Amino acid sequence: MSKVKYYYDPDTLSYRKIEPKKSKKYRNIFLFVLGSALFGFLGLVILLNTKWVNTPKELSLEREVRNYELQFEILNKKMEQMEQVLANIEDRDNNIYRLYFEANPIPEEQRKAGFGGINRYKSLDGFNNSDIIINATKRLDIIQKQMVIQSKSLDEIAKLAEEKEKLLASIPAIQPVSNEDLTRMASGYGWRSDPFTKARKMHWGMDFTAPRGSPIYATGDGKVTRADNQSSGYGKHIRIDHGYGYITLYGHLSKYNVTVGQKVRRGDLIGFVGNTGRSEAPHLHYEVFKDGERINPINFYYGSLTAEEFENMLKYANQENQSLD
């Protein structure tokens, strides 16, 4: 209830009640209604457009959303770096490693294939940033799949490398008699004159002339399968099975330094030069077999001779002279 106001009337020497004017009363009512309408409109605008004024909770949520967007941006950059590194590894895998070990390259479609079937990302739908989340998840899944494929490929390459290492160690690759002990390369592989009958016949190996007792070395890793004098013409001889179809034979020895079943490494001392069996003078008769067929040993000295030494050996080996056995 509004207060009643009075004024002092000097004529009547009494207080008289102030009667408000009707125009002023209407003006006050109008101003009140106008002010209420303005405040109501302003409140409505604030409610409808929260960009102007946000509650503390809304501000906190906005900061959280911006932080998530930043984290997704950082994640995308990291995935780009991972994809670049993987692409480099895949390129080397296909064009260097698998090529060297004679393995078929992995097709690009297999490395980067997507995931078919049902929608595996259905649970990620319905959010404000579903597209960003789904895209990032897809990229991560593809990268993970690429890494699994690459890991399996490298496992395969490791096995191929181990097998290749065994093969390279097993192939006969050095001269069975060292140049320090070698008197001369007496006879090579091919048609030669028999020292006893003088008839022209095939000489299946190479003869290395050296003093009796000179060391004889295994030309590759393998297992001794024979060390006896039970093979006609060879006298005391050794045979080594190197695997992969390779066998080497060392004939006319004076004595052995290995036993049957023994495993040897390239360069191991296996016996000594002699003159046993069908032999005209102390020497080593050396043969190489591949898949049961005798082949020219001249092609298997890359591990111990210089280019000049090999050229000299090649010259003497090609001479059609008389063999020593």
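Select Lys290 and Tyr246: the charged end of Lys290 sits over the ring of Tyr246, 5.1 Å from its centre. The model on screen is a predicted one.

**The three-stranded sheet**

Next, colour strands β7, β13 and β11. They form an open sheet in the order β7-β13-β11, and the pairing is antiparallel. β7 (215-217) and β11 (253-256) are the edge strands, each of which pairs on one side only. On average, neighbouring strands in this sheet are turned by 35° against each other, direction ignored. Strands in a sheet are held in pairs by backbone hydrogen bonds, in either a parallel or an antiparallel sense.

Zoom in on β11 and β13 (residues 269-273), which pair in the antiparallel sense over three bridges. Which residue of β13 is the bridge partner of Leu253? Selecting Val273 gives the partner.

From β11, step back to His252, in the loop between β10 and β11. Is His252 buried or exposed? His252 has a relative accessible area of 1%, so it is buried. Its backbone deserves a look as well: phi of His252 is near 70°, a positive value in a residue other than glycine. Most residues other than glycine have a negative phi.

Now select Asp291, in the loop between β14 and β15 (293-295). Phi of Asp291 is near 55°, again a positive value in a residue other than glycine. In contrast to the buried His252, Asp291 is exposed, with a relative accessible area of 56%.

**Aromatic pairs**

Display the rings of Phe, Tyr and Trp. How many aromatic pairs are there? The count comes to three. One of them joins Tyr189 and Trp204: the ring centres are 6.2 Å apart and the planes stand at 70°, so this pair is edge-to-face. Tyr189 is in the loop between β3 (184-187) and β4 (190-193), while Trp204 is in the loop between β5 (200-203) and β6 (206-209), so the contact ties together parts that are 15 residues apart in sequence. Trp204 counts as partly exposed, because its relative accessibility is 35%.

For another pair, select Tyr250 and Tyr286. Their ring centres are 5.4 Å apart and their planes lie at 45°, so the pair is tilted. Tyr250 belongs to strand β10 (residues 246-251) and Tyr286 to strand β14 (residues 283-290), so parts 36 residues apart in sequence are tied together. Both Tyr250 and Tyr286 are buried.

**The helices α2 and α4**

Move to helix α2 (residues 56-100) and helix α4 (residues 130-170). These two pack at an angle of about 25°, with their axes 10 Å apart. Angles under 35 degrees count as roughly parallel, so α2 is roughly parallel to α4. The crossing of α2 past α4 is left-handed.

**Last stop: Asn179**

Follow the chain onward to Asn179, in the loop between α4 and β3. With a relative accessible area of 34%, Asn179 is partly exposed. To finish, draw a distance between the C-alpha atoms of Asn179 and Phe208: the two residues are 29 apart along the chain, and these atoms are separated by 9.9 Å.

Definitions and conventions
Residues numbered from 1 in each chain as written. Predicted model: local features only at pLDDT ≥ 70, side-chain atom pairs only at ≥ 80, totals over all residues. Heavy atoms only, no water. Pairing = 2+ DSSP bridges. Helix = DSSP H or I, 4+ residues; strand = E, 2+ residues; numbered from the N terminus. Axes fitted to C-alpha atoms, helices over the stretch in contact; angles between N-to-C directions. Phe/Tyr/Trp six-rings, centres within 6.5 Å; stacked < 30°, edge-to-face > 60°. Buried < 20%, exposed > 50% of the residue type's maximum accessible area, 1.4 Å probe, protein only. Lys NZ or Arg CZ within 6 Å of the ring centre and 35° of its normal. Parallel < 35°, antiparallel > 145°, perpendicular 65-115°, else oblique. Left-handed = near helix turned anticlockwise from the far one by under 90°.
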